[in-house]
Amino acid sequence: MNNKEIDTLLSSIHSPADLRRLSPKDLPRLCDELRACLIQELSVNPGHFASSLGVVEITVALHYVFDTPNDRIVWDVGHQAYIHKMLTGRREQFSTNRKLGGLHPFPCPSESEYDTFTCGHASNSISAALGMAVADKLKESKRLSVAVIGDGSMTGGLAFEGLNNASYIDNDMLIILNDNNMSIDHSVGGMKNYLHHLHTGATYNNFRQRASQRLMQWGWINEDSKKRIIAFNNAMKALLNNHQNIFEGMNIRYFGPRDGHDVVELVHTLQSIKDMKGPKLLHLHTRKGKGYEPAEKNATEWHAPGKFNPETGERIVSENNNLPPRFQDVFGHTIVELAKQNPRIVGITPAMPTGCSLNIMMQEMPDRAFDVGIAEGHAVTFSAGMATEGLQPFCNIYSAFAQRAYDNIIHDVAIERLPVVFCFDRAGLVGEDGATHHGAFDMAALRPIPNLTICSPMDEHELRHMMYTAQLPDKGPFIIRYPRGRAEHTDWECPMKELPIGKARCIKQGEEIALLSIGPLGCTAQRAIAKAEQMAQEQGKELHIAHYDMRFLKPIDEELLHEVGKHFKYIVTLEDGAKNGGLGSAVIEFMMDNGYMPRVTRLGLPDSFVEHGTVEELHHIVGIDEEAIIKTLTGFKL
């Protein structure tokens, strides 16, 4: 650790059992120490910053009151679980967080018994915790289950499905609603406005609880009749407050809102409600970035700020100002450029305007860009509805998050052949966020679906051409996938042109070996081919490798594949997606269907979940980096 730990409370905390030995009056001091420790750690080892600062008191209070790991805490998304990791025996290893072979970026059950459920995507905590709570009822166990969900995640449909089930199935689950008015960007929609105005007095809740306990002691009500009494009380509360509480309307006991940064009061509240029967929801107001002024002022920018000076708040950025742009920024500027030419174009994102750079369009054309909240399935069908009325939606979703909208893509877009353009950001390996965030499966999952066009640009110029092509008339559903990170060239602005659908391009002519790539790995392949040929020349050998940028996975360029099948003995396919079902599989299927018998070597992501590390480290591990390509190309016996 970088902190001096002499005479600190934190130095004595190695597990929640140690935490529970403290007096409640010591908890504010411990929270201050945890916050200072987190700031110091993340200043040199970047991670999810503002969200973790916002839940320090909640995390301490939960582990103080509940008997973890026997009782279960299920975190939603997991951005905010760093303090949880520090309190559960991983503080000394926290410097390895998000690094290759180090602590996982999100809660991971294989890493710790305190991590009860994998959580990298939003809105699943209520369903998971409810499943645990009901299982314990069936097993007659005394374990308690807690779901911690943010107001941003409450916009996800799965959260409402969980609430609906919790309202009528027998369970004693506690839901902590961490309301900070944000997901990564500011929360949007009716739920945000509802929570902003929702208030229920603590006096009424305390009175009702005491009255209920007294009536049960006198034998006037029992557990069976208690549910009816709760429903009556909820109706009375709505009448007295002149406001219907959606949670209590679903027979989920509501408490709050309370100050989520008053740890002593939090402990008192949790102790008073944790053993209540039936589902309960505690509504807490918190502030992202709490305790660090720069993060409090701009929580979006400080969601994952990279390295920074903890004393001044100055962020440490590369001094090289001549770097290529990020792919997401090329998208953000290009959609504005296209929208100025095509009045039918609209932009849609599920809660990631800054992450995908749709915020550029939102600033210039606020009436034509829509953040629909954490609701990927809705984003797709919402886009489909707009397309039926003649608009041209560009729906930008992270590749891994698009998995949550698979049925919507098939049922609401592909079957109808609606002209929705899907821009899948963060396709391929994303690096330190790990298995839950890698965009590994989009090509393999979507390739079998009729009516889709699936393409991936080799560089930023190709991205612009693909976006231009996709918005032309009669193109149907169009999927463009591109990675996290920077493009290839600094001169990204170029005149846009229409690309012929389903046509590859020849990057380099060659003999005997043909390398077929899709996406930005084609640039890596270019460098690898040049080095492989140079190595052969230095050894007095001749090696001439053909390189084709396939551009389109679907429809695939069959004319080119016929040519390759006829003239090349060896074929290498290269992709940054799952090789089972992706480009390599498509090429093999074509060769077999048409009687060609070349040797096909597939380079792509393995049939296993890839863990976290830098993109460069992971590319090396899975064998799609320059070194692996050279080894493959020079390994054939020509």
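Guide: An axis is a line fitted to C-alpha atoms, for a helix over the stretch in contact, and an angle runs from 0 to 180 degrees between N-to-C directions. The model above is a prediction, in which local features need pLDDT of at least 70 and side-chain atom pairs pLDDT 80 or more, while totals for chains, interfaces and linings use all residues. Residues are numbered from 1 along each chain as its sequence is written, and side-chain values use heavy atoms, without hydrogens or water.

Visitor: At what angle do H2 and helix H5 pack?

Guide: Helices (H or I, at least four residues) and strands (E, at least two) are DSSP runs numbered from the N terminus. The angle between H2 and H5 (residues 82-90) is about 110°, and their axes lie 11 Å apart. H2 is therefore roughly perpendicular to H5; the classes are roughly parallel under 35 degrees, roughly perpendicular from 65 to 115, roughly antiparallel over 145, and oblique for the rest.

Visitor: Which residues of H2 and H5 make the contact?

Guide: Contact means heavy atoms within 4.5 Å. H2 contributes Leu34, Cys37, Leu38, Glu41 and Leu42, and H5 contributes Tyr82, Ile83, Met86 and Leu87. By class, 8 of these residues are nonpolar, none is polar and 1 is charged. Here Ala, Val, Leu, Ile, Met, Phe, Trp, Tyr, Cys and Pro count as nonpolar, Asp, Glu, Lys and Arg as charged, and the others, Gly among them, as polar.

Visitor: How is H2 placed against helix H4?

Guide: The axes of H2 (residues 27-44) and H4 (residues 56-65) come within 10 Å and cross at roughly 125°. The two helices are therefore oblique to each other. Leu27, Leu30, Cys31, Leu34 and Arg35 of H2 make the contact with Val56, Glu57, Val60 and Tyr64 of H4. This contact holds 7 nonpolar and 2 charged residues, and no polar ones.

Visitor: How do H17 and H19 lie relative to each other?

Guide: Helix H17 (residues 376-388) packs on helix H19 (residues 406-414) at about 10°, with the axes 9 Å apart. H17 is therefore roughly parallel to H19. From H17, Gly377, Val380, Thr381 and Ala384 meet Asn408, Ile409, Asp412 and Val413 of H19. The classes in this contact are 4 nonpolar, 3 polar and 1 charged.

Visitor: Is Ser43 buried or exposed?

Guide: Buried means under 20% relative accessible area, exposed over 50%, and partly exposed in between (1.4 Å probe, protein chains only). Ser43 is found in helix H2 and is buried, with a relative accessible area of 2%. Not counting residues up to four places away in sequence, Ser43 touches Lys307, Phe308 and Pro310. Arg315 is 272 residues from Ser43 along the chain, yet their C-alpha atoms are separated by 8.8 Å.

Visitor: Which residues touch the most other members of the largest nonpolar core?

Guide: A nonpolar core is a set of buried Ala, Val, Leu, Ile, Met, Phe, Trp, Tyr and Cys residues joined through side-chain atoms within 4.5 Å. In the largest core, of 54 residues, these are Leu62 and Ile176. H2 supplies the largest share of this core, 8 residues. Leu62 contacts Ile73, Trp75, Val146, Val148, Ile176 and Leu270, leaving aside neighbours within four places in sequence. A second, separate core of 49 residues includes Ile409, Val420, Ile454 and Leu516.

Visitor: How many helices and strands does the protein chain have?

Guide: There are 26 helices and 17 strands. Of the 638 residues of the chain, 59% count as buried. Among contacts with a separation of 6 or more, 77% join residues 24 or more positions apart.
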